[in-house]
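Subject: Structure for your review

Dear colleague,

Please find below the structure that I am handing over to you.

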Protein chains: 2
Amino acid sequence: MATEDRRSRRTRSALRRALVDLVLERGYAAVTVEQVVERADVGRATFYTHFSDKQSLYDDLVAALLADLAARLEPGDTAGPGFTGRPVHALFEHAEAEEATYRMVLRGDGDGRALRSLTDALAGAALRVFEDRVADQGLAPRVDLRVLARAWVGEQLAVLTWWLAEAGRPLPRADVVGMLADLARHGRWWATGFGDDAPDAPAGTDSSAPLV
Amino acid sequence: MATEDRRSRRTRSALRRALVDLVLERGYAAVTVEQVVERADVGRATFYTHFSDKQSLYDDLVAALLADLAARLEPGDTAGPGFTGRPVHALFEHAEAEEATYRMVLRGDGDGRALRSLTDALAGAALRVFEDRVADQGLAPRVDLRVLARAWVGEQLAVLTWWLAEAGRPLPRADVVGMLADLARHGRWWATGFGDDAPDAPAGTDSSAPLV
DNA sequence: ACCAGTTATAGACACGCTGTCCAGGAAAGT
DNA sequence: ACTTTCCTGGACAGCGTGTCTATAACTGGT
């Protein structure tokens, strides 16, 4: 009387794992349903009793991942070993735990659908937090909060992608997360090694400040 | 005696435009070569004399875009109306000029290949600039420069994506670029409205600082 | 241990898109 | 005008898809 027949669970999870593996090997577009069922050791007809097509399996996978992430981002949640409750930490922890799937998503496989979902979810959450904080503490934002949310999330995901999928985790997770925190607190100018007094640009036209 | 036969040029550019249009309408995966040649009003056999497949046409398109962007990022270049020579400005200007193609790339169509190329190119350039600056001015970076470069580029592209492809350019370009500059100079803390004195986290364990 | 209900499977089918080839007709460049 | 280059429609085999069938295997509950 468990939620599902054991055979269904086995089949579905075998298909999910096979898809992730194959996508990481060949890229989403190059993967066929035939390859997936062969890798999962499942009959082709069986595939179609569970999913309508490749996209459907992919969406299912991503939805599960996002639901799992959302649960970890819940403020009250402190389950899991070493879970800190801080969003960026939670994201990086989750990514490390589900490395294969994250690699797939962050690479943009599936025409970027999954990556967009992830970005939207995080940016939406960030925007809500910013707005609440501004309201609660009566702050006067100096930058459009929508831009702020996107920038902050873009920063996280870009670093996460580099760290997890490209460079192969060359630094401890805590260090990378700490750098993101420092960056958020002090800005890039400070991080590069300049003094705390950031040079206010001759606001308006053409200072030829490099990279800005 | 121009570099190419006029017919070739016409055909190629028709195919390029057709691909971009169709991808924006239906997504890269859903576009077929047959649809492209029909939209471009070109024989199917003709397509294959120019490109080996859909991917090839796509790659050609992206390569041209990146080459164009690289030219605009050259320090010495001051061509074009209102071109400022500042990299972020140049990127946003280019994106506005080539809006359709940028939408396609930023959305991650084509399994993210193009977006990754763009990211890598910008991150590589940023890293080089950072390293040069640190060396020239004898700075002591407070954050790993590789992380810094990825974060900075991720920030730009995330904001660009939101501004160009999702929100439909709700703010003037100069404003958005200015916000990115402010953010780089002062950090998110300052941007949210807090004072200049960023609260240094009890560096190490678990301050429950939200969103960090 | 058994049984009814569910799930897995192989094989066959039509269909759509791919990538290649060819022989002609059309339009460039000089 | 004339040669070279490009475009074109049609035909081809090949592959992957999504659906359907009848049969076999397994499952949870009695």
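How many salt bridges does the rule find across the interface of chain A and chain B? There are 2 salt bridges across that interface. Please keep in mind throughout that this is a predicted model.

In one salt bridge, A:Arg150 pairs with B:Glu166, and their closest N and O atoms are 3.1 Å apart. The rule also finds 23 residue pairs in polar contact across the interface of chain A and chain B, with both residues at pLDDT 80 or more. On the side of chain A that touches chain B, at least two residues each come from helix H5 (87–97), helix H7 (113–137), helix H8 (145–166) and helix H9 (173–192) of chain A. H9(A) provides the largest share of that side, 13 residues. Sorted by class, the side of chain A that touches chain B holds 36 nonpolar, 14 polar and 17 charged residues.

Turning to the contact as a whole, chain A contributes 67 residues and chain B contributes 67 residues. Between them, the two chains bury about 6500 Å², and 62% of this lies on carbon and sulfur atoms.

The next topic is symmetry. Two copies of a chain are related by a rotation about an axis and a shift along it. Here, chain A is superposed on chain B by a rotation of 180 degrees with 0.0 Å of shift along its axis, and the RMSD is 0.1 Å. This is the relation of a two-fold axis. Among the residues of chain A, A:Gly187 comes closest to the rotation axis, with its C-alpha at 1.8 Å. Because 100% of the interface residues of chain A are also interface residues in chain B, the copies meet through the same surface.

The last topic is DNA strand C. Of the atoms of DNA strand C that come within 4 Å of the protein, sugar and phosphate account for 62%. The side chain of A:His50 has an N or O atom 2.9 Å from a phosphate oxygen of DNA strand C. B:Arg7 instead has a polar side-chain atom 3.3 Å from a base nitrogen of DNA strand C.

H3(A) gives the largest share of the surface near DNA strand C, 5 residues. That surface has 6 nonpolar, 7 polar and 8 charged residues.

Yours sincerely

Note on methods: Residues are numbered from 1 along each chain as its sequence is written. Chains are lettered from A and ligands numbered from 1 in the order in which they are written. This is a predicted model: local features need pLDDT of at least 70, side-chain atom pairs count only at pLDDT 80 or more; totals for chains, interfaces and linings use all residues. Side-chain values use heavy atoms; hydrogens and water are left out. Copies are superposed by least squares on the C-alpha atoms of residues with pLDDT of at least 70 in both. Contact means heavy atoms within 4.5 Å. A residue is near a molecule or strand if one of its heavy atoms lies within 4 Å of it. A polar contact is a pair of N or O atoms within 3.5 Å; within protein, one must be able to donate a hydrogen and the other to accept it, and residues adjacent in sequence count only if both atoms are side-chain atoms. Helices (H or I, at least four residues) and strands (E, at least two) are DSSP runs, numbered from the N terminus. Ala, Val, Leu, Ile, Met, Phe, Trp, Tyr, Cys and Pro count as nonpolar, Asp, Glu, Lys and Arg as charged, and the others, Gly among them, as polar. Buried area is the accessible area (1.4 Å probe) that two parts lose on being put together, summed over both. A salt bridge is a side-chain nitrogen of Lys or Arg within 4 Å of a carboxyl oxygen of Asp or Glu.
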